[in-house]
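Subject: Structure for your files

Hello,

Here is the structure you will be working with. Notes on what was found in it follow below.

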Amino acid sequence: MAEQSKIWLSSPHMGGDEQKFVKEAFDTNWIAPLGPNVTSFENAIATYIDNNVHVAALSSGTGAIHLALELLGVSSGDEVLCQSFTFSASANPIAYLGATPVFVDSEKDTWNISPILLRKAIVDRIAKGKKPKAIVAVHLYGMPYKVTEVQKVATEFNIPIVEDSAEALGSTYNAIKCGSFGDIGILSFNGNKIITTSGGGALTSKNEEVKKKAVFLATQARDEAPHYQHSVVGYNYRMSNVLAGIGRGQMLVLDDRVAARRANYQYYYDNLNAIPSIEFLDEPKGSFSNRWLSCILTPSFNSREAIRLALEKENIESRPLWKPMHVQPVFENCPNYMDGTSENLFERGLCLPSGSNLEEEDLERVVHIIKSHIL
Ligand SMILES: *Cc1c(COP(=O)(O)O)cnc(C)c1O
């Protein structure tokens with residue numbers, strides 16, 4: 001039998017206008033480093049998220065988190081609270097700065113940072129002699145974290161929030177777009193994200209000074225002088241004008257991409273939710289998820305693996321939920337405040353193919369295999 005075509009977890013999906021904007025960069029020789037596409041892309045993101053937000057387009061979401069933490073004053077020897085249930089890029093920049101991540105477990109309603117454990121962690125770190133410098137909270141898989149509750153804890157102790165919206169462009173909380181809640185927010189346009197520039201990211205802030213400082217640091221921290229002069233250590237983190245052209249094209253189809261990802265989720269939900277051993281994560285009241293990845297929970301590690309391997313055999317890519325940071329070899333010695341939630345999600349959960357370019361027959365194939373392999 002001929003091998004079935006590959007179904008990817010989340011593959012890039014161009015809209016059609018990207019090459020036009022990239023061609024503009026070529027035609028005007030604005031190939032590098034900066035130019036009109038970067039400004040237009042930044043403006044398009046700001047218009048989309050919140051007109052009061054200032055946006056700096058950067059080379060990656062990881063770089064954006066690095067700059068965000070530095071701008072919040074994180075330095076060597078500090079502690080930074082971080083959601084454990086996330087991709088490693090949420091935590092790695094803490095280590096770049098010589099600081100220590102302190103991991104906090106998730107709660108069951110959103111799978112994101114637990115406000116209760118967050119408060120407990122802060123109280124305990126202060127009692128041990130060090131007040132954490134920042135909180136990295138993540139809207140994982142596009143599901144907004146409990147913004148009001150997390151913000152309340154942060155305000156109580158006057159600790160700034162880095163809002164990791166890498167997976168949540170297009171998601172909203174109480175009708176306000178993700179990327180506008182943190183003291184500093186970050187976005188990612190990596191190849192597997194809801195829209196992509198092949199690689200890229202952005203930093204967002206309602207404080208224009210923060211954007212200006214981010215751009216300064218991202219372009220080698222050049223002082224004003226005719227020669228190259230530097231008073232602080234800089235980075236090469238700015239987005240190129242060519243890639244920003246892809247981003248401009250992608251912004252035109254962002255709402256379509258959100259709708260398509262949500263339709264994937266709805267398809268899986270409609271066809272699998274009747275099976276008692278399969279669970280979905282509903283949107284809490286007031287939350288709207290872009291459903292970047294559609295995830296299911298199975299009863300056990302074995303049942304999750306049975307499905308994953310059956311899909312793999314049929315040339316379909318799926319993936320366990322993120323392995324929590326506090327059990328990653330690189331971070332296992334860091335302090336953590338856990339109640340078992342994220343480890344349980346990791347054990348039982350699976351991300352299903354979720355690209356905005358999937359056809360109904362792809363989704364049918366996935367559902368059919370899951371139905372015949374659920375333990
Ligand atoms: C993708 C991702 C990042 C990092 O973004 P890059 O652009 O790939 O550097 C950070 N946090 C989360 C939660 C992500 O999913």
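How do the residues of the shell around the ligand divide into nonpolar, polar and charged? Four are nonpolar, eight polar and three charged. In this scheme Ala, Val, Leu, Ile, Met, Phe, Trp, Tyr, Cys and Pro count as nonpolar, Asp, Glu, Lys and Arg as charged, and the others, Gly among them, as polar.

Please note that this is a predicted model, in which local features need pLDDT of at least 70 and side-chain atom pairs count only at pLDDT 80 or more, while totals for chains, interfaces and linings use all residues. Residues are numbered from 1 along each chain as its sequence is written, and side-chain values use heavy atoms, with hydrogens and water left out.

The ligand

The ligand is surrounded by 15 residues (a heavy atom within 4 Å of it), and the closest are Thr-62, Asp-164, Glu-167, Ser-188 and Lys-193. The side chain of Thr-62 places an N or O atom 2.5 Å from a ligand oxygen, and for the side chain of Ser-188 the distance is 2.7 Å. At Gly-200 a backbone N or O atom is 3.4 Å from an oxygen of the ligand. The protein buries 94% of the 380 Å² that the ligand exposes when taken alone (Shrake-Rupley method, 1.4 Å probe).

The two domains

Domain 1 covers 18-251 and domain 2 covers 254-373, with bounds from an automatic or database domain assignment. Their C-alpha centres are 25 Å apart. Between them the domains bury about 3700 Å² (accessible area lost on being put together, 1.4 Å probe, summed over both), 64% of it on carbon and sulfur atoms. Trp-111, Tyr-141 and Ile-194 supply 22% of the area that domain 1 buries against domain 2, more than any other three residues.

Regards

Notes:
Polar contact = N/O pair within 3.5 Å; in protein donor to acceptor, adjacent residues only side chain to side chain. Buried area = accessible area lost by both parts, 1.4 Å probe.
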